[in-house]
Amino acid sequence: MAGFLLNLFRSGSQIPEYMSDKKKTIAEPAREIPVLMETDVVVVGGGTTGPFAAIAAARQGKRVVLIERFGSLGGTLTLGLNTKPSGALLGGLPLEVWTLARSVGGAGPNLTVTTKTGDLKIASPCEPEIMKILLTKLCVDSGVQILFETFASTPIVENGVMKGVVIEGKGGRQFVGAQVVIDCSADADMATQANVPFTMGSGGSDIKMQPVSMYFTMSNVDIGRLVAWARTSDDIPDRTIPDTEEGYAYGLWLVGFKKTLKKFQAETGIQLRRERITLKTANGQMYVNATRVLDIDVFSPVQATEALVECYRQIEALLRFFRECIPGFEKASILQIAPVLGVRETRHVHGEYTLTGEDAIEGRRFDDSIAADCSALDIHDPSGVDGNFQSLRPYEIPYRCLVPLNVEQLLVAGRCISADQIAHGRSRNMPACMATGQGAGVAAAVAIDDGVTVRNVSVQKVQKILRSMGMPLHAEDIV
Ligand SMILES: Cc1cc2nc3c(=O)[nH]c(=O)nc-3n(C[C@H](O)[C@H](O)[C@H](O)COP(=O)(O)OP(=O)(O)OC[C@H]3O[C@@H](n4cnc5c(N)ncnc54)[C@H](O)[C@@H]3O)c2cc1C
């Protein structure tokens, strides 16, 4: 199989001329579209963040519609096969979901991983298929109306106030009205179209963004043999190896393979794009984070396709690498390739406050904090050198980072909140994304109850509810 696939990719990707990005424009005729429903809160994007926003608002008594373009919830967490929050889940809904997952065998105990700045406590990976079911169940149980297989294409803004979103699906274009829209699309799709200012990646004339990757899983790995090798290898500098075989199901985390990768590439002439790769287990399966494509504008369909084609090329080559070079993988095969490209960074929305690298690294206190977070600082250098994964003191995420400039009744949560590129290295992690989703959901509900805009909501009331949910808001709240 390996040889056949290698031949497939030998000539490189072939993007036809007619898919050129440089196009003239056409005028789209205006038309009336039906109103599908009107509700209190619309959440766009049912990924890592959106379900937390939706459940939080619904549990505060609001009618919530959650719009997701695919047929399952969890986004990068589940479909992206990412599964591992790079930090502890400290309270509130994130901890509730993980506790539930643990109770049904869908996640393991917390792990301690070694980083160059010390040990970091993180939640164990989860089993993504179980997580899809749990997130769906929690949404349905709290009364959230999910719209799967539905793309939110355009926000409707009147006099500077967001009134809802146009959705697209097999049923054509329809409108879903809302008092508050929460943009959890990761790319700030709604905010951007509502003319909210943003910075793409690093900003500036030479935009740099963290690279994209595509996860895959492998079966038929002899984990015992891999562990025996890893314990004595000097090529795995960062690792968590459970003491017992039972712990291998969710607790194995190996980062490195630098020398072995270098030797493989020198001997075969095959180019892989990473210096270090990561293996981790969830439910006894091997999850591989090893592909990388630099300098991709994922909003260009041509470039996004090129990135996917390159990831497939790398995965095929990595199969050969693992089988030939890493003990335990001799009979391994690819079990699943994530059906979506893993995107680390695109737009950073400009909000009432922009979290800075200094805030996130020094752990500055904010009176309007909606979450204290202990996620790692995780920056994959846009130039392709080694990632920067560090354990740091807790930091706080102010509510103002969720409130975009220029438009009323819109909140953003998840990867695209108002944070600079360094701060985003922490706030893009899943514990922070889930916490901002939860904070946005509660804030939307409080604003509606009090008849005020989300910009003017009483943050003290929001914080009171978040505290009652067990969410730490300041560093000193973390036990
Ligand atoms: C390869 C990779 C490895 C990573 N590793 C880690 C790690 O080890 N630990 C960690 O904590 N974090 C990690 N991260 C970061 C983290 O996973 C993401 O930043 C986080 O999951 C983003 O959450 P989100 O909800 O903002 O986006 P997503 O989880 O991507 O969710 C966005 C959702 O919105 C939907 N959507 C988007 N646009 C629309 C639309 N217009 N209409 C309808 N639906 C829409 C999408 O289908 C998706 O379900 C990694 C990221 C990548 C890419």
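**Note on helix packing, core and domains in a predicted model**

1. In this model, which is predicted, helix H3 (residues 92-103) packs against H12 at an angle of about 120°, and the axes of the two helices are 8 Å apart. That angle makes H3 oblique to H12. On the H3 side the meeting residues are Gly-92, Leu-93 and Pro-94, and on the H12 side they are Pro-431, Met-434, Ala-435 and Gln-438. By class, the residues of this contact between H3 and H12 comprise five nonpolar, two polar and no charged.

2. The largest nonpolar core holds 143 residues, and the members touching the most others are Val-43, Ile-182, Leu-411, Ala-443 and Ala-444. Helix H12 (residues 430-450) gives the most to this core, contributing 13 residues. Since domain 1 (35-112 + 124-204 + 346-477) and domain 2 (211-337) both give residues to the core, it lies between them.

3. Val-43 deserves a separate entry. Once residues up to four places away in sequence are not counted, Val-43 touches Gly-50, Ala-53, Ala-54, Val-64, Leu-66, Ile-67, Ile-182 and Cys-184. Of these, Gly-50, Ala-53 and Ala-54 are among the buried residues of H2.

4. For helix H2 (residues 50-59), 10 of the 10 residues are buried, so this helix is largely enclosed by the rest of the structure. The buried residues include Phe-52 and Ile-55 as well as Arg-59, and together the buried residues of H2 pack against strand S1 (35-44), strand S2 (64-67), H3, helix H4 (128-141), strand S8 (172-183) and H12. Just after H2, the backbone at Gly-61 adopts a positive phi of about 90°.

5. On the domain level, the assignment gives domain 1 (35-112 + 124-204 + 346-477) and domain 2 (211-337), with their C-alpha centres 29 Å apart. The contact between them takes 20 residues from domain 1 and 19 residues from domain 2. On the side of domain 1 that touches domain 2, the residues divide into seven nonpolar, 10 polar and three charged.

6. Is Thr-354 buried or partly exposed, and what does it contact? Leaving aside neighbours within four places in sequence, Thr-354 is in contact with Ser-418, Ala-419 and Asp-420.

7. Ile-241 can be described in the same terms, its place being in the loop between strand S11 (238-240) and helix H7 (248-251). With 15 other C-beta atoms within 10 Å, Ile-241 is partly exposed. From Ile-241 to Trp-253 the separation is 12 residues in sequence and 6.7 Å in space, taken C-alpha to C-alpha. The contacts of Ile-241, again leaving aside neighbours within four places in sequence, are with Val-227, Ala-230, Arg-231 and Leu-252.

Technical notes
Residues numbered from 1 in each chain as written. Predicted model: local features only at pLDDT ≥ 70, side-chain atom pairs only at ≥ 80, totals over all residues. Core = buried A, V, L, I, M, F, W, Y, C linked by C-beta atoms within 7 Å. Buried ≥ 20, exposed ≤ 12 C-beta atoms within 10 Å, placed from the backbone. Helix = DSSP H or I, 4+ residues; strand = E, 2+ residues; numbered from the N terminus. Domains from an automatic or database assignment. Contact = placed C-beta atoms within 7 Å. Axes fitted to C-alpha atoms, helices over the stretch in contact; angles between N-to-C directions. Parallel < 35°, antiparallel > 145°, perpendicular 65-115°, else oblique. Nonpolar A, V, L, I, M, F, W, Y, C, P; charged D, E, K, R; others polar.
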